[in-house]
Protein chains: 4
Amino acid sequence: MTRIRAAVIGATGYTGAELARTLHQHPHVDLIHLTSRSQVHQPYADTYGQFRDLIDLVCEEEDVTQLADTADVLFMALPHGHAAQKTTAALLEKTRVIDLGADFRLQNKDDYDTWYAMTHPQPALLPQAVYGLAEWHRGAIRQARLIANPGCYPTCSLLAALPLLKEKIITPEIIIDAKSGVTGAGRALNLAVHFTECNESLKAYALGNHRHIPEIEQGLRMFGKATASITFTPHLIPMNRGILATLYAPLAGDFNTQDIQAVFERYYKTEPFIRLLPPGVSPETRWVKGSNFCDIGFHLDSRNRRVILVSAIDNLGKGAAGQAIQNMNLLFGLPETTGLMSVPLFP
Amino acid sequence: MTRIRAAVIGATGYTGAELARTLHQHPHVDLIHLTSRSQVHQPYADTYGQFRDLIDLVCEEEDVTQLADTADVLFMALPHGHAAQKTTAALLEKTRVIDLGADFRLQNKDDYDTWYAMTHPQPALLPQAVYGLAEWHRGAIRQARLIANPGCYPTCSLLAALPLLKEKIITPEIIIDAKSGVTGAGRALNLAVHFTECNESLKAYALGNHRHIPEIEQGLRMFGKATASITFTPHLIPMNRGILATLYAPLAGDFNTQDIQAVFERYYKTEPFIRLLPPGVSPETRWVKGSNFCDIGFHLDSRNRRVILVSAIDNLGKGAAGQAIQNMNLLFGLPETTGLMSVPLFP
Amino acid sequence: MTRIRAAVIGATGYTGAELARTLHQHPHVDLIHLTSRSQVHQPYADTYGQFRDLIDLVCEEEDVTQLADTADVLFMALPHGHAAQKTTAALLEKTRVIDLGADFRLQNKDDYDTWYAMTHPQPALLPQAVYGLAEWHRGAIRQARLIANPGCYPTCSLLAALPLLKEKIITPEIIIDAKSGVTGAGRALNLAVHFTECNESLKAYALGNHRHIPEIEQGLRMFGKATASITFTPHLIPMNRGILATLYAPLAGDFNTQDIQAVFERYYKTEPFIRLLPPGVSPETRWVKGSNFCDIGFHLDSRNRRVILVSAIDNLGKGAAGQAIQNMNLLFGLPETTGLMSVPLFP
Amino acid sequence: MTRIRAAVIGATGYTGAELARTLHQHPHVDLIHLTSRSQVHQPYADTYGQFRDLIDLVCEEEDVTQLADTADVLFMALPHGHAAQKTTAALLEKTRVIDLGADFRLQNKDDYDTWYAMTHPQPALLPQAVYGLAEWHRGAIRQARLIANPGCYPTCSLLAALPLLKEKIITPEIIIDAKSGVTGAGRALNLAVHFTECNESLKAYALGNHRHIPEIEQGLRMFGKATASITFTPHLIPMNRGILATLYAPLAGDFNTQDIQAVFERYYKTEPFIRLLPPGVSPETRWVKGSNFCDIGFHLDSRNRRVILVSAIDNLGKGAAGQAIQNMNLLFGLPETTGLMSVPLFP
C-alpha cells in the first residue's frame, strides 16, 4: 500500500500535538512536515518532550503551497480565519486539506461573518467543504478535497442527539450543558487558563454566544432533518482532556426506554467509535481519554417527559485529531479504524 | 453577652470539620464537644491536623442526651436516618438541634420514605422542624428548636430560582444541571472517590433519582408558590469544594434583562451572603471557597425564551456548615453575619 | 488603640491578594490603598472576585511617595528590582516599608548583583534593612523602618534547620529538596504555568542556581552561626498553595531522637506559629493551607547518620503575606498573633 | 511467528489494568486470562470502562495452576506475599512467571523477612528468580523462568545512579528524594488516597523505612559494584501517574559535566527506553506518561562537589507494566521494543 505523506500546519498547539502523536503511530502515514510560527527552525521535541527520540522533525514555516508539493494531506490546526486564508482552489488541486479550525464548518457565509465577527476570507470554497462528522457523512467525506473537521462540542452533542431527533423521539428544543477540560482553550498565553486560575474551580462561560451554537444547529438540520434552536452552555473543568455533554430534550411522544435504546442500537451498534453504554451506566471522560471513542448513555426522565443524554469524548481525540484522522482514513480509502483503536489511557 | 456552648455530632466528616473550623472562629461560641464513632477518645487534631494547637478536644461518644446537658445547641452531621433516631421531644426540651443531614428536610413523611427507602424514625417531629433556608425563612427559624439545614444542591438551586419563580418571571419547568466538588460525597471509604478514580475525569450521576429532587421541589413550592417538577442532574468535578448550579427556566412572559435584574435586586440587594454579579459576569466557585456566600449571575437566552441562571456556593460553607451557623445566629438572636464574613480563600 | 493604615503596592499578584485578605481581616488595620499597574482605576474585586462586597477599593497607581502621606506601612509585593527603586531614605522617614520581594534580603550587595544579575538600585539602604524571619529576629524587627520579608523557600528551610544547626546537632552540609505549589511562580503570563502544562506533572527546576540559595546560606550564617554551602533543588507541584521542604543534614555527633526533639522543643515550644509534630507524624501542606503556621517533623536516619527534616508552610501565608503581617504586628507593638490565628482551610 | 498467550493475575489493580492495556496492544500477544478476587465472573470492562468493546474477557478466579495449562506467561500483579505462595517449581515447569510484586526481588530471604515483616513463603525459588532491570540484566533475563520485576522507585533510582556509580564518578552515599503520583499506592480502599485527602496537598511518607530501600541497595551492589547505604524519602504528589526521583550523590573525584555526560552516553546512548536529556533540560513526568521511557538529566553542583541526578518514569509503565512486557519480549526472543514504543500521552 502506498503511504500517506502528511503535514501538520500549526503543530505546536495541543491539537497539533495530538495530530502528531496519532499520525506518528498510524501504520500507513509518514509524518513529513510540522509547522509552527513561534518555534520555527526548532526541533519539535524541544516543545513537546514526549516526542524526544521519536519524532526528529524541525518546525517549518507555514508555507502551505510549498508543503503541498510533497504532502498528500495537510492538517490545519490554526486559529479561525487562518486556514481560510491559506486554503485556495489551487492548493486543493495539489493536496487535500483537513481543517481542524472553524473556517469551513458553517456552510452559510453569513453565519460565519456574524458569529466569528469577521468577513469570511474564502467563501467561494464553502460549497465544496465537507463537514466531517464521519458517522453521519461518510459518503461525502470519501469524495472530498476539503474537509471541515467538526468542533469538539458539536461532535459530542450531535452524536448524542441525532438518532433520537431524526427518528422524532425527541423534539428539537434541546438544552446542552457541556463541560470541557482546559486543553479546549488552546495553548495561547492566557491568564484565565493559568493553573492557579482554573485549578479547584468551575465556571460557565460564553453564555448564549458560543460559536459552536450555529454549528450544532446546522448539524441538527443537516443530519437530523429538524430546525433547531438550542440553548448551549459550556463550562470549564479543572482537568486536561475530556468533554462531557449533558443534553435535555423533550420527548416527542409516548416512548419508553426500550424505544430509545432500540434507536441508538439501530444507528450505532456497528459504529466502531461509538460505544453505547448499558442501561444505568453513565459516561465518564476517563474512559475515553486519549482515544477516538464517543461513549453515550441516556436516562428517560418520565416525570418530566424529557430524555437526558450524556456523551463523553476526548476533546483532542474524537473532538479534534482523532476524528480528523478518521476522516483521512475515509479520504484515502483505508479502513476507518486504522491507527485509531488504541486503548484509552486510564488511570 | 452570654456565650453559646456548641457540640458537633459527627465531627470527623468533612461537614463536621467545617463546623469545627467555623465555630472555633465564632466570637460568641465555645465549642465544647466533638463526637466521632471511628475516632472516639482520640484527639480531634489527630484526624484533622489543621486544628493542631488550636482545638484540643478529644472525640467523644455520640451520647446526645448527655451532651445536651451542657450544650446549648447540637449540630448533627450524620448519615441520613441517624439524626432522626437521636432527636426526640425530650432532647429538644434540653437543647436546640441543627441537623445538617436529610432527616427533617422533607415535611412529608411519605416523601422521605420513598426517596430515602426507609421508614422515617421520628415523623412526629416533622411538623416542628423548620427548613433552614435562612434568606427565605428567617421568621420561622428564629422561633425553632429543630432546624433542618438545607442540602447543598437545594441551597444553590433555590437561591437562584426563587425570586424569578415567585415573581412569575419564569415558569416552574426548571432543569438544573449541577456540578459538585468531591467533598460532597463525604468521607466514608468509597473507591469511587479515590483520587485516581475521579481526578482528571467528569461524570453525571444519580440521573433522575437524586434525593435532593423532592427537597428542591418542596422549596420551590414553599417559597416560590409554584408546583414544580424539576429535572436535576448532578455531576462530580475533580476539585475539593464548590458547587455550581446551571438552571434553565422558561420565560413566563415578555421580560427583559432589566426586569430580571430588578427582581434579583429587590430580593437580594440587602442580603449579606448573596452577591449578585454584574451583568455579563458569571459565578466561579473559587470566589466563594471557604465562605458562606452564594454568587448569582444570569443570562437571558432571548432566542429560546429561557433564562439561564448560574449560582455558586461552597458546598461545605453555604451548602452546609456556614448556613448552619447562620441559622444558629438567628436562633440565638445574634446578627446573622456574626463569625461568617471571612474572605473566601483564593487562590 | 490607634488603627494601622496599610497600603499594598502590587496588589494584583497572588501575594498581594493574600495580603489584602489578611489585612482586611486584621482587627487593627484599615486597608486604605491597593495599587496595580495592569488594573489601575479598576475595582479590585473585578480582578479578585472573592473580595466582591467586601473590599470596594479601586486599584491606584504606584506612587509610593504620595501613598506614604496617608499610610503607616507599605507592603511591597513587586518583582525584584522594583521595591529597591521605590524605597528611599525620604520614604522611610514618612512610613514603614515591608518588602515582600527580594531586594533587601541579601545584606551583601555583591551577592545581590551576582544572583539577580543586575546592579542593586539602592545599596545604601541595605544596612538598615532587617531580615524579617520573625522567630529568629524579633528584637531587630521591632526597631526597623524597612523589613526584608524572607523568601518562601528560605522561611520553610531555615525554620527547620536552624535549631539543630545552632546547637551543632547537625553540620552545615545540608541538602534541601523543596516542593512548591504553582502560586509560587506568580501571576505574570507564562506558558510554563498554564494549567495543562503543569497539571498531572512534576519537575525540578533552577538546578543549582535558584536565587534563594544565597538567602538560605545567609540565614544559616546569621542565625545558625555556621558557614554553610547548601544544595537546593526546588520542584513544581500541581497544586495551588504550599511548600514542603525535605532537608538532609549530616549528624554532627552521637545524638538520638530525644536529643533532637529536646532541641526543637527548647526553641519552638512557645512559638505560636511553629507546630512541632509528634514523633512519627510528618507534615502535610494541607494542614497549613491559608495560615501562618509552619509544621515541622523529623526522622533520624541512624543507618546513615543523617537527620531528615520536613517542614511545611503555605507559601502565600508564612512564606509571604502571613509573615509580613507578623512582622507588622511586631513593628507596631501588637501581639504577634493578632489577625493571624485563623484555622488552616482543609479540605 | 507463534503468538504469546498471556494471563494477568490480579487484573483489577492499576498495574493489572496497565498490563491489560499494553498486552492488548502488543502485536504478538493474545491476552487470554484476567483474574480478580473482587470481580470474579464480572466482565472486565465493567470495572475498567476504557476496555469496553475492546476486551471482552470476564474476570476469572486465581487458579494459577489451571491457567498455566493455556498461558505461556503469567503476569502476577498481587500484594506482596501472594505471588510467592502461588509460584511453585511445578508451576514454573508449565509456564513462565513475571512477578510485578515484591516477593522475588530481594535475593536474600532475611532481607525479605525483615523489611516485609513476614516469613518468605517460597525461599527455595529465590535463587532462580532473575531481577528484571532489563537494561542491566538482559542476559540473565533471557534465560529465566521467573522474573522479579523491579519496583517503581528502584527502577527510577537505579537507572539514574548506576552508570556513575559503576564508573566511580560518584560514591555510594546517595540520598534519593522521590516523588510519586497516587496510583503508586494501589487501588485497595484507603482513606489516605481519597481525592479530598491528597488533592491540593503534599507529604513525605515512610521516612527511613520504605521497603524499596533494600531493593535499591541490592541493585547498587549487583550492578554498580558498590556497597551502598542510601537515604530514601518518598513523597505523595497529587497526580495520577509518574515518578520523579532526585538523587544527590557525592562526587568521587575531580570530574566535570562532560565526564558525566560521556559516561551516560556510553551506557545509554543505544538504549531505546532511556532518553538522556540535553544539558540544562530537566525531566518532567508528563513527557513519559503512558510509556516505557525513563528520562534522565543531571546537574553538577560544583560548589558542593555533588551530582544531582533527576529521572522520570511512569510508575505504571517503566515502573511496572511496561518493564514487565519489556522483560516478556526478552524472554520470548522478541525485539525488546515490541509493543512498547507508543508516544507518551501529553497533554
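**Close-up 1. An open sheet of seven strands in chain C of the predicted model.** The strand order is S8-S9-S7-S10-S13-S12-S11. Pairing within this sheet is mixed. Strand S8 (203-204) and strand S11 (274-276) of chain C form the edges. Each of these two strands pairs on one side only.

**Close-up 2. The S8 edge of the chain C sheet.** S8(C) pairs with strand S9 of chain C, residues 231-236. The sense is antiparallel, and two bridges join the strands. Ala204(C) has His235(C), in S9(C), as its bridge partner.

**Close-up 3. Helix H8 of chain C packed on the sheet.** H8 spans residues 152-166 of chain C. The helix touches strand S7 (175-180), S9, strand S10 (243-250), S11, strand S12 (294-301) and strand S13 (306-313), again of chain C. Among these contacts is the edge strand S11(C). The direction of H8(C) makes about 140° with that of S13(C).

**Close-up 4. Chains A and B superposed by rotation.**

**Close-up 5. Chains C and D superposed by rotation.** A 180° rotation, with 0.0 Å of shift along its axis, brings chain D onto chain C. The RMSD of this superposition is 0.0 Å. The same surface serves both copies, since 100% of the contact residues of chain D recur in chain C.

Key
Residues are numbered from 1 along each chain as its sequence is written. Chains are lettered from A and ligands numbered from 1 in the order in which they are written. This is a predicted model: local features need pLDDT of at least 70, side-chain atom pairs count only at pLDDT 80 or more; totals for chains, interfaces and linings use all residues. Side-chain values use heavy atoms; hydrogens and water are left out. Copies are superposed by least squares on the C-alpha atoms of residues with pLDDT of at least 70 in both. Contact means heavy atoms within 4.5 Å. Two strands pair if DSSP finds at least two bridges between them. Helices (H or I, at least four residues) and strands (E, at least two) are DSSP runs, numbered from the N terminus. Axes are lines fitted to C-alpha atoms, for helices over the stretch in contact, and angles run from 0 to 180 degrees between N-to-C directions.
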